[in-house]
Amino acid sequence: MSDYVIEASGLRKEFRTRRGEVRVAVHDLDLAVPTGGVHGFLGPNGSGKTTTIRMLLGLARPTRGAMRLFGTPVPAGLAQVIDRVGAVVESPKFSPNLTGRQNLDLLARSRGIDRASVAAAIATVNLAGRERDRYKSYSLGMKQRLAIAATLLKSPQLLILDEPTNGLDPAGIREIRRTIEELGQAGVTVLLSSHILAEVQQVCDSATIIGNGRMLASGKVDDLLGTSLAHRVRVADPAAALRVLTDDGFTVSHLDGVLRVESERPAREITAALGRHGIWLDELTPLRADLETVFLGLTEGDRLGAEDGGH
Amino acid sequence: MGRLLGLELTRLRWRRAVVVLLAACVLVPAAIWVAVAVETRPLTDADVQRAEDQVQAELQQPYLRDEIERCTEDPQMYGADPDDVEASCRSMLEPRVEWYLTRQPLDLANEREESGIGVITILAALAMLLGTTFVGHDWNSGSMSNQLLFEPRRSRVWLAKALAVLLCGLVVGAAVLASYWTGAWLLAGARDVQASGEQWALIRNQNLRGMLLIGLAGLAGYALTMLFRSTVATLGILFAFTVGGSIVISSVLGEAAARWLPSTNFLAILQNGTEFFNGSTEGQACTEQADGTMSCTNMETLTLAQGSVYLGVVLVVIMAASLWSFQRRDVP
């Protein structure tokens, strides 16, 4: 069995405009999503995230490249693995004049899923009591929750969520993130596509960053953020501390009473050096690059290109 | 496949526009039946009396006397019998009671060719709308992509929806046509109108062909909408074809165009052959009469087989294009 639930290599998608020009939405993308946990799929708007997901799910045909879900080549073998995959692509799409329940019933029947599972999925996303209302009367949050309920009908091992918190209020966002975390903890592999950096950093174990249809970086979130190379130090006498640490070989800068100590040496050596001179710490904080910094650094050159490359 | 078909039939039943169209499939033929019943009701004494009164009133009109005078003065121009000019002129010009008793009694042979064809044509149009709106909704709401996330085998999805529309058209066509002609049979019985077994056989066969046409019209509407992915686009194209298609065909094929009009071929299937006008010289058929003169006609017969081949080819082309497009194109 493959260690990856999603594998894509050399994935390319070209669109032809009405003027006959070829636009490339996904450029020979390689993607590998490991089994288990929540994997972020991060990129600016128009970077090719949704197009990639749509190709993985058989909704769009790749111009070239190979894809596998659970080791099975798709789209040829999609029917064999579709029961293990739940997905929400872009906005929720249901029949507006049918009730939430009817919409789910129709989807469930196409896979022979019983009605009890429909009720359970509705309960899981807290839509019980509103499932008999027409879909068009739902708020955006409820529509989003119904879409997630639809993905849960199949008890999926892989959940692909494309911008699931788009348009939700803070409570709705928190609820969706909690659900994603719970699913990840329950053993479901979640591919979370998002352009919201904080969301990915907060929820995901690993991430792939793409820009202009190309993969820019991929790995564990901690690895992407990098190890800490700097510390913030606050003491009663910063001038004395600056002198001590500089003498001890640290690179130190001083700004507004706070020291920034840059060194590959561990934090305990900072503590020891100051302690030897009777200087006691009020604060010692490792300074890590956040995902936003990493993301912007990687995509800076791609963001403009993404606008005409993505779909 | 059976599960998908059942699912699509449920989806069809739950769609409001489909329910409205199904109601129209019942109400419109019912209204036609009522109109036939009213228009063919037997003449009453009051009707006859009213007609006689109108004749008397007409006879008093001065223009009638003037016309008879002109006729007697110049019988040749009026084509009157020269042996008895006045009687001939009066016979030709004076109104008669039957002129005012225009209501024809119920005649099932006539109804087969008139209201019978009308009902089938309307049902076929409604079935086409039904097939269009059924799947147009899937495209408009975007729910097609959701459906494919549960059943990614597109040919099966296409086929299940097609079968649901076809089945719906056939069942509705059968039920409505059977009800309509049961109503006609009851009406005929109530009015003591007789129809031969041969006439009933013609009615039965026409309705069987009509039922098939209704089902296939629904299928064509469905296939076109799967191709164009929009109810509005399909209806627009159908409207443009209805309005402009005959003009284009006529301008390309000239006097022989009627052969290639869908409506002519539709009638050829429905009526087990139909006559159409072919104004071209190739279309003129002349036969020598017993007296040695030549009799020529531009009316040609289009057979059931020819009509079936024509519409069958059109349908197969539409379906093939629709299925190919659905399998190949990206789904929004």
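**Helices, domains and a hairpin**

Analyst: In this predicted model, the axes of helix 3 (residues 100–110) of chain A and helix 5 (residues 140–152) of chain A come within 10 Å and cross at roughly 25°.

User: ok, what does that angle make helix 3 of chain A relative to helix 5 of chain A, roughly parallel or roughly perpendicular?

Analyst: Roughly parallel, because the crossing angle is under 35 degrees. The crossing of helix 3 of chain A with helix 5 of chain A is right-handed.

User: which residues meet there?

Analyst: From helix 3 of chain A, G100(A), L104(A) and L107(A) meet L146(A), A149(A) and A150(A) of helix 5 of chain A. By type, the residues of this contact are 5 nonpolar, 1 polar and no charged.

User: Switching topic. What domains does chain A have?

Analyst: The domain assignment gives domain 1 (4–225 + 293–309) and domain 2 (230–287).

User: how many Å separate their centres?

Analyst: The centres of domain 1 of chain A and domain 2 of chain A, taken over C-alpha atoms, are 45 Å apart.

User: Now chain B. How do strand 2 and strand 3 run, parallel or antiparallel?

Analyst: Antiparallel: strand 2 (residues 285–288) of chain B is joined to strand 3 (residues 294–297) of chain B by 4 bridges. Within that pairing, C286(B) stands opposite C296(B) in strand 3 of chain B.

User: and what is between the strands?

Analyst: The hairpin has 5 residues between strand 2 of chain B and strand 3 of chain B. In this hairpin, G292(B) takes a positive phi near 90°.

Definitions and conventions: Residues are numbered from 1 along each chain as its sequence is written. Chains are lettered from A and ligands numbered from 1 in the order in which they are written. This is a predicted model: local features need pLDDT of at least 70, side-chain atom pairs count only at pLDDT 80 or more; totals for chains, interfaces and linings use all residues. Side-chain values use heavy atoms; hydrogens and water are left out. Two strands pair if DSSP finds at least two bridges between them. Helices (H or I, at least four residues) and strands (E, at least two) are DSSP runs, numbered from the N terminus. Domain bounds come from an automatic or database domain assignment. Axes are lines fitted to C-alpha atoms, for helices over the stretch in contact, and angles run from 0 to 180 degrees between N-to-C directions. Angles under 35 degrees count as roughly parallel, over 145 as roughly antiparallel, 65 to 115 as roughly perpendicular and the rest as oblique. A crossing is left-handed if the near helix is turned anticlockwise from the far one by less than a right angle, and right-handed if clockwise. Contact means heavy atoms within 4.5 Å. Ala, Val, Leu, Ile, Met, Phe, Trp, Tyr, Cys and Pro count as nonpolar, Asp, Glu, Lys and Arg as charged, and the others, Gly among them, as polar.
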